[in-house]
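Dear colleague,

I am passing on the structure below, together with some notes on what turned up in it. Please read the notes with the model open beside them.

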Amino acid sequence: MLKESYKSNKSLIKTTVICCAIGAAAAIVLMAAFAMAVVLFQIDRSYAAPLATVSVALGCFVSSFTGGKKIGKKGYLFGLLNGGAVFIIITIIAFIVSGWSFSLNTVFHLVILVMASVAGGILGVNKTRNKK
């Protein structure tokens, strides 16, 4: 079972929203740092897309780690749902903004985001267990 304080759906949804905001903030900070590095060190701009993917994956990891730590159980499930939700949001925005089509690269991004999120959720739950 989940920790006592997270048995209600309202509390679980609130925790999820807060953790997603933390993950988004981490991704934005990382994107800004990578963008600054690209400009300052005159790195080829072709690295921008992979660095953006890494930033979002690390943001998903942070979000799921925080959620797994707060919820206390089933971090893999929280991470799976979190990574899937982030992927869906990013994919919808990409479809709207650039008419982007579904490709093998899209599946690659799905795998990266979900793996990072699941790893974060599992490690977050295990971090909680080590403190007991």
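Contact is used here for heavy atoms within 4.5 Å. Please bear in mind throughout that this is a predicted model.

With that definition, and leaving aside the neighbours within four places in sequence, T53 is in contact with H109 and I112. T53 has its place in helix α2, and it counts as buried because its relative accessible area is 15%, where the cut-off for buried is under 20%.

Most residues other than glycine have a negative phi. Q42, although it is not a glycine, has a positive phi of about 50°, and this residue lies in the loop between α1 (9–40) and α2 (48–71). K74, likewise not a glycine, has a positive phi of about 55° and is found in the loop between α2 and α3.

The last point concerns the surface, where I88, I89, I92, I93, I96 and V97 form a nonpolar patch that has about 630 Å² of accessible area together. One of these residues, I93, lies in helix α3, which spans residues 75–98.

Key
Residues numbered from 1 in each chain as written. Predicted model: local features only at pLDDT ≥ 70, side-chain atom pairs only at ≥ 80, totals over all residues. Heavy atoms only, no water. Patch = residues over 30% accessible without salt bridge, like charges linked within 9 Å, V, L, I, M, F, W, Y side chains within 5 Å. Areas by Shrake-Rupley, 256 points an atom, 1.4 Å probe, with all protein chains shown as cover. Salt bridge = Lys/Arg side-chain N within 4 Å of Asp/Glu carboxyl O. Helix = DSSP H or I, 4+ residues; strand = E, 2+ residues; numbered from the N terminus. Buried < 20%, exposed > 50% of the residue type's maximum accessible area, 1.4 Å probe, protein only.
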